[in-house]
Amino acid sequence: MAEAHQAVAFQFTVSPDGIDLQLSHEALRQVYLSGLHSWKKRFIRFKNGIMNGVYPGSAPGFVLVLAGYMGRAKYVQVDPSLGLFLKLGQYMPVSKYMSLETQRRVGGVLVGTGLWVAIIFTMRNALKYLLSWHGWMSERHGGVTWKSRAWLVLVKIFSGIQTPTLYSFQTSLPNLPVPSVKDTVTRYLESVRPLLDEEEYKRMEGLTLDFQKNHAPKLQWYLWLKSLWATNYVSDWWEEYIYLRSRNPIMVNSNYYAMDFLYVFPTQLQAARAGNAIHAIMLYRRKLDRAQIKPLFALASNVPFCSAQWERLFNTSRVPGQERDTLQHVSDSRHIVVYHRGRYFKVGMFYDGRLLLPREIEQQMERILADASEPQPGEEKLAALTAGNRVPWACARDAYLRRGKNRQSLDAVEKAAFFVTLDDTEQRYEPNNAVESLRRYAKSLLHGKCYDRWFDKSFNLIVYKNGTMGLNAEHSWADAPIIGHLWEHVLSMDPVKLGYATDGHCKGQTHRSLPGPQRLQWNIPSECQSMIANSLAVAQALADDVDTHIIPFEDFGKGLIKKCRTSPDAFIQIALQLAHFRDKGKFCLTYEASMTRLFREGRTETVRSCTMETCAFVRAVVNAEPRETRLALLREAAKKHQQMYRMAMTGRGIDRHLFCLYVVSQYLQLDSPFLKEVLSEPWRLSTSQTPLQQPELFDLVRHPELVSSGGGFGPVADDGYGVAYIIVGENLINFHISCKRSSPETDSHRFGNHIRQAMLDMLDLFQLQSQPSK
């Protein structure tokens, strides 16, 4: 194990001659540097808070407004203070402390500052009003009308001249609007029409009309009142009732994963890969703390997305409770926790007042890998509590882990920047065994051994024995694009910007006096060990039931789809409908995740991608109707899907509105058969696209091998499929399919074959030549 190091800044002994202080200068130096780092971070946050608070105002703008105001007052020979100090003089002896000229100057500065604040307030509200218009989303790709051009000019003007930081636009984003009940239920009936026969549809129409007449007005009034008071009328209830109040295991059911490069293996050394990855993640955190990450935009970097979800990316853990969990977030954390072969280690990320370099982090990982000590009783499988049901975990935590050294160790885990697992298995994409190697890899990232990931942490970095790596992320604090943004940063830095030496180690030198990792100590009684075993049994049964299949679809990609003048996402969603019909012989309620981050604190909305138009196309394919008929129906289905997606993004979706109406009905104890039935409908096909948000980081033209495998999630319904896909470059689409082995209706490998065939059949309609498979 690593060398022992002094844990206190001084020691003392009492003798007949008095007290002899034995100061450790090195420990005091580290205390000083730690405090200096903390104050620097506070100052940076304070400065960024001021800059974001006055955005779109800026320091040059303030000087310009103040100079203009004072210059005008002097030119027209008027009092710049507008008599401010003259009025104050009636109550305070101002003239005793300032001359008349000084009073005018100070008053002029105050009035000029007020004018500047008024201008900022006006610009901010004008920008919020402008960003509430989404007509640009309906325009044909490549064509912009004069109305949109004028709107874009105004957006640029009212966005100010200052370069925005990550959180600059937060106060300028519009609030998510509450749709009318009539519009929502009309779109709902349209969405279920292809899934119901005539009798069932008539019954649902009756439930809808009854709800719209009797319960909806009262529920909608409360929801409208909330929208006036709250920043976002959906997000807090969504986090509370969909995530934090769920008592089921979050492993598989909620957590999701992200994979490494598909073809590139930068190093075979586990400790070296961990060194570069951890350093890259910590650099990202530093940029986040300093607000140096650029905000994301739509429409050629003019329409900002909400950045609120970044706030809890690091130093965050989900804490279990009897009835609901809570999210614990600390403002700063200077360490990570590493799990290896059943032991937990606390590893400091700073020394000498700076972030550890990649080779120094590798040095710490090597020390952990070389440690031959055995796990303490109950320690090895402790994290199984985070993988099982939430109530037993809450009970065990309160009863056995909140006192003594258990509390200290648990605090170290829960307050760590993030969690790292040095996995003792090997995972990798093997071209000669593609299906099985990717299946094992996905299952390992999704659940591992059910006790070697701390599923409550905001994310876990998993580094395998052969140098492959990946992430497992908890879902309640934010959605997948936030983790995806971090992961793109890590993958872009690892092999290129940081790189490795010729021997596979991280570049740089080890640190001779670097204190080693600290082994966390536990005292886990037998009663707690029994609870751990029970949680592990529940988690293991859940993990064993998950079936996964990964498809690196290389026949063609978005480059060829765009030549069909079709949205790539719409193309894939329609292919999934065709594949599902071939797989099960019927249509199903389909969930596609979209985002509402054009609004402040927006999260997700559902696109119900099984539409009447899509079903008409699928039936035409199954019935082998003429190519022209199928092609026309495909274009109509794609057009409808794009329309549905735009509506979801602009706050006119169906499901979040109905969800919030249901929450209000529960508060008011109103029994609505319509809402109860809507909220109980299973999503037997749950889909999500993993967006590539920073394409500038990857030169896939010169380096086509630097493609990510993307990520995936577990099945939502017991008899359904979960499908995640990532469109990488122009010629690759990766599909991640999951289902449950216990269902006789599903088979992920079979469904994957249907997806591949559906994609090829749809491309054939356009009579374009696809690229040959590799």
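**Inner spaces and a helix pair**

Lining the second largest cavity are Arg187, Thr606, Val607, Arg608, Met644, Met647, Ala648, Arg652, Gly653 and Ile654. A cavity here is a set of points, on a 1 Å grid over the protein atoms alone, where a 1.4 Å probe fits but cannot get out, and lining residues have an atom within 4 Å of a point. The model is predicted: local features need pLDDT of at least 70, side-chain atom pairs count only at pLDDT 80 or more, and totals for chains, interfaces and linings use all residues. Residues are numbered from 1 along each chain as its sequence is written, and side-chain values use heavy atoms, without hydrogens and water.

The second largest cavity holds about 70 Å³ of space. Helix α21 gives the largest share of its lining, 3 residues.

How many cavities of 30 Å³ or more does the structure hold? There are 3. The largest cavity has a volume of about 100 Å³. Its lining counts 17 residues, and Leu176, Val234, Thr596, Thr604 and Arg656 lie nearest its centre.

Now turn to helix α7 (residues 198–214) and helix α8 (residues 216–229), which pack at an angle of about 60° with axes 4 Å apart. Helices are DSSP runs (H or I) of at least four residues, numbered from the N terminus. Axes are lines fitted to C-alpha atoms over the stretch in contact, and angles run from 0 to 180 degrees between N-to-C directions.

Definitions and conventions. Helix = DSSP H or I, 4+ residues; strand = E, 2+ residues; numbered from the N terminus. 1 Å grid on protein atoms, 1.4 Å probe; cavity = no way out; pocket = protein on both sides within 12 Å on 5 of 7 lines; lining within 4 Å. Points joined across faces, edges and corners; volume = space filled by probe spheres on them.
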